[in-house]
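Here are a few friendly notes to read alongside the model. Please keep the viewer open as you go through the points.

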Amino acid sequence: MVAASKATVPTITDQASAMQLSQCAKNLAGALAELRTASQKAQEACGPLEIDNALSTVRKLEKDIQESKASAEEGRLRPLPGETLDKCSQDLGNSTKAVSSAMAQLLSEATQGNENYTGMAARDVAQALKTFASASRGVAATTEEPSARNAVLDCAADVLDKSANLIEETKRAVVKPGDAEGQQRLAQVAKAVSQALNRCVNCLPGQRDVDNAIRSVGEASKTLLNESFPSSGRSFQEVQAQLNEVAVCLNQSANEVVQASRGTTLDLAKATSKFGKDFGSFLEAGVDMAGTSPV
């Protein structure tokens, strides 16, 4: 606009109008320069405020999760319109990645000691945690098992608490970017956030049941480390018939797990849980066979 005004001045025949336009263009250029300077100063001053606002937001989210847990214990937690277990589980998985990415950016800016960019990064972290908290509540509201519901909300609250600690630590670290002790504390708190996020993902109904099945298979397999296998007292034919029966069940369970991996979270949870039980039965029958078989 300033350039266009200056270019127009020579084309105006009325001298008074030309002088007035020229002066207005100069005034506008000066005002824009002052506005740019003021904007830069305001942006620099808002860095610490952004960090404080982000911290307040995260603490409020933590309080909201605690209220959701209280509602769940009273049987009043209900899913919002459009929320399903699969959708919320997917949202939770995606939001944990977004939080991790935002946290990495926050750490980078805090390490460099730039308050302005650290404030913007803290704001992005708070925004990512909003989505995370909403997805966590959705998973809890659409989960039928009380223990799984409580586990998700507890893990979400832990993530928010440790995230707030990280933001507080970045606020201190950005003032002393070269402080070795401060950088060490920052790294420790960041690691705690990462571990809390992993625990939250592992609490998802499908993932949780898969992990439980893996653990049950591992525990059952330890039986094979025994040096001897006692006999149950049944005949060889009876034990062999049972082994064949549980082997068929285990094979069917394995096929169901493969099919469930393409289905819903609830399908996968049921299939993996059944597989873990059938594997235990198969191993028990195998050990019984080993104790019954002649040496």
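1. A word on terms to begin with: helices (H or I, at least four residues) and strands (E, at least two) are DSSP runs, numbered from the N terminus.

2. Some ground rules. This is a predicted model, in which local features need pLDDT of at least 70 and side-chain atom pairs count only at pLDDT 80 or more, while totals for chains, interfaces and linings use all residues. Residues are numbered from 1 along each chain as its sequence is written, and side-chain values use heavy atoms, with hydrogens and water left out.

3. The overall picture is helical: the protein chain has nine helices and zero strands. Of its 295 residues, 37% are buried (under 20% relative accessible area, with exposed being over 50% and partly exposed in between; 1.4 Å probe, protein chains only). The chain exposes about 16800 Å², and 54% of that comes from carbon and sulfur atoms (Shrake-Rupley method, 1.4 Å probe).

4. Back to T142: is this residue buried or exposed? T142 counts as buried because its relative accessibility is 17%. A polar atom of its side chain lies 2.8 Å from the backbone oxygen of G138. Beyond its neighbours within four places in sequence, T142 is in contact (heavy atoms within 4.5 Å) with P79, E83, T84 and L85.

5. Next, how does α4 sit against α5? The axes of α4 and α5 come within 9 Å and cross at roughly 170 degrees (axes are lines fitted to C-alpha atoms, for helices over the stretch in contact, and angles run from 0 to 180 degrees between N-to-C directions). That makes the two helices α4 and α5 roughly antiparallel (over 145 degrees; under 35 is roughly parallel, 65 to 115 roughly perpendicular and the rest oblique). On the α4 side the contact includes F132 and R137, and on the α5 side it includes R149 and S163.

6. Helix α5 (residues 146-173) also packs with helix α3 (residues 85-112), at an angle of about 20 degrees and with axes 9 Å apart. The pair α3 and α5 is therefore roughly parallel. Contributing to this contact are M103, L106, L107 and A110 of α3, together with S163, L166, I167, T170 and A173 of α5.

Conventions. A polar contact is a pair of N or O atoms within 3.5 Å; within protein, one must be able to donate a hydrogen and the other to accept it, and residues adjacent in sequence count only if both atoms are side-chain atoms.
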